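Please read this briefing alongside the sequence and the model displayed below. The points that follow are grouped by topic, beginning with a single residue and ending with the relation between the chains.

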2 protein chains.
Amino acid sequence: MDNANWFTEVAPEAGSAFSLKVSKKLHEEQSQFQKIEIYQTEGFGNLMVIDGFIMLSSRDNFFYHEMMSHPVLFTHPDPKTVWIIGGGDCGTLREVLKHQQVQKVVQIDIDERVTRLAEQYFPELCESNNDPRAELKFIDGIQWVKQARPNSVDIIIVDSTDPIGPAEGLFSKDFYQDCFNCLTEQGIVIQQSESPLFHMHILSDMRSAMKGARFSDLQTLFFPQCVYPSGWWSATMAGKNDLSKFRQKDAGNKKFSTNYYNSEIHLAALAQPEFFKQAIKVSEV
Amino acid sequence: MDNANWFTEVAPEAGSAFSLKVSKKLHEEQSQFQKIEIYQTEGFGNLMVIDGFIMLSSRDNFFYHEMMSHPVLFTHPDPKTVWIIGGGDCGTLREVLKHQQVQKVVQIDIDERVTRLAEQYFPELCESNNDPRAELKFIDGIQWVKQARPNSVDIIIVDSTDPIGPAEGLFSKDFYQDCFNCLTEQGIVIQQSESPLFHMHILSDMRSAMKGARFSDLQTLFFPQCVYPSGWWSATMAGKNDLSKFRQKDAGNKKFSTNYYNSEIHLAALAQPEFFKQAIKVSEV
């Protein structure tokens, strides 16, 4: 492999690496918060990298964005208000706005540059940014949630980078307690929860922190994500009520198109691998 | 990335690559049929590579081996005889033999060297090779199936390499017709069917060939497989009867341990992603 023509992300914790063949570096900058690079790849469309970690590609971001939005939206009985913490590429925002009953979505990403670059290099993800229901804020999401009034939002989607650097505080019990406080009675928070194969300890810690914040039900969703370490990813929902049921009929009759998600995939994503069951049985007694 | 310390497999069709950090090359040989390499890796245990393609690692082979065996065995109402075409590493054989009602398993791999090296470097996969119900043959699986008598086996598991080189004939309508002919009345063949993200055309062609061989139902199973291209893999069952139902109660009360498979995962693996539904709707009209 000729390193010069490839972007490679090493997962040192697993001794593995994933590479994409690049035809051109389109952009590189050090923003106030992080280093952002954009590449044109041969087989995956455009690629965004933050601090050396792959964030998304044009080709396969649909798995992540659909699974961070549609399952939680079809689990809540009547989602009207949604906050997205992080999510600066606007792909999650686009999916959330496909739900007609949603009246207001606030996206709170600390780094405006991510959004400005997404508008330029991933315009398809930003096509709903001017929807009158959408509001984009470029401030600290942790502070936003801490200062929010009780009972003010139905769903919080935490679409963040890994739990190191600026996103570390998003994986803590304090943060989940703040989420709990500002969520409405049937409120749900969902957060990306890393690779079940490589990062089971992070997943377990996150689930424990969510339980410690008084959420009464947790459900982890599993889905493929080619460009992330191990090619397999997860998101975990924490709710004030039972999360195993969802509006299956509405999901089956959804009025918008998706590439991965449908009601069968929703149900399937809730199935827990045997090793996962064993791991959480030990850590969540 | 220092190439000298990594084994890398490039997927040229996608412009991607997956690498594992290796601490030592344990073995390399050119057998009568293919080049076989064994590496010790830092994070994935031992690694077997054939003709430059990753076959399996100690760490994550359980996904593949469990999904190639338990779903099809719990779908058949009463599996007594099983043939494994390929599968020389013996990992599928071990899983099949966990089913107590199975009376006879014949593994037919053309290359005895794969099995001898598996015995040495993946002994855990070979722990059932001496089971009195198991028979290991080192002959051509395509010929074996062609010459078999009608009505002679309940399940055929095609655990082969990619559809290039020696395994090419295992992806053809002729081969599936031979399978159909030697399967019993409720018989099922299952074959690994590549990555749904990278190889949808192979998957479509395989399904068309299976339909052309008069199988009345097909079901594709989806599962994670970190070391294979895209990190996401599939297997496709072709049966003489409906395959959407399975012995769910038996699977739920299985008397053996697994690492990934359970009855919920079985059901989940049958869920078809939206893009897959669209692709087969177009190709299987």
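## Briefing on the predicted model

Thr220(B) is partly exposed, because 19 other C-beta atoms lie within 10 Å of its own, whereas a buried residue would need 20 or more. The model is a predicted one, and Thr220(B) belongs to strand β11 of chain B, which spans residues 217-224.

**Surroundings of Thr220(B)**

- Leaving aside residues up to four places away in sequence, Thr220(B) is in contact with Ser193(B), Leu203(B), Ser234(B) and Thr236(B).
- One of these contacts, Thr236(B), is 16 residues from Thr220(B) along the chain, yet the C-alpha atoms of the two are separated by 4.1 Å.

**The sheet of chain B**

- Chain B contains an open sheet of 7 strands, arranged in the order β8-β7-β6-β9-β10-β12-β11 and with mixed pairing.
- Strands β8 (134-137) and β11 of chain B form the edges of this sheet, since each of them pairs on one side only.
- From one strand to the next, the twist of the sheet averages 15°.
- Within the sheet, strand β9 (residues 153-159) and strand β10 (residues 183-192) of chain B pair in the parallel sense over 5 bridges, and Val153(B) stands opposite Leu183(B), a residue of β10(B).
- Helix α5 of chain B, made up of residues 173-182, lies across β9, β10 and β12 (232-239) of chain B, and this helix runs at about 145° to β10(B).

- Strand β9 of chain A, which covers residues 153-159, is mostly covered, with 7 of its 7 residues buried.
- Strands of a sheet pair through backbone hydrogen bonds, and the pairing may be either parallel or antiparallel.
- Strand β6 (residues 81-86) of chain A pairs with β9(A) in the parallel sense over 5 bridges, and Ile85(A) stands opposite Val158(A) in β9(A).
- Strand β10 (residues 183-192) of chain A is also joined to β9(A), by 5 bridges, and these two strands run parallel.
- Val158(A) stands opposite Gln191(A) in β10(A), and it stands opposite Ile85(A) as well.

**Relation between the two chains**

- Chain B is superposed on chain A by a rotation of 180° with 0.0 Å of shift along its axis, giving an RMSD of 0.0 Å.
- That is the relation of a two-fold axis.
- The same surface serves both copies, as 100% of the contact residues of chain B recur in chain A.

Terms used. Residues numbered from 1 in each chain as written. Chains lettered and ligands numbered in written order. Predicted model: local features only at pLDDT ≥ 70, side-chain atom pairs only at ≥ 80, totals over all residues. Helix = DSSP H or I, 4+ residues; strand = E, 2+ residues; numbered from the N terminus. Buried ≥ 20, exposed ≤ 12 C-beta atoms within 10 Å, placed from the backbone. Contact = placed C-beta atoms within 7 Å. Pairing = 2+ DSSP bridges. Axes fitted to C-alpha atoms, helices over the stretch in contact; angles between N-to-C directions. Least-squares fit on C-alpha atoms with pLDDT ≥ 70 in both.
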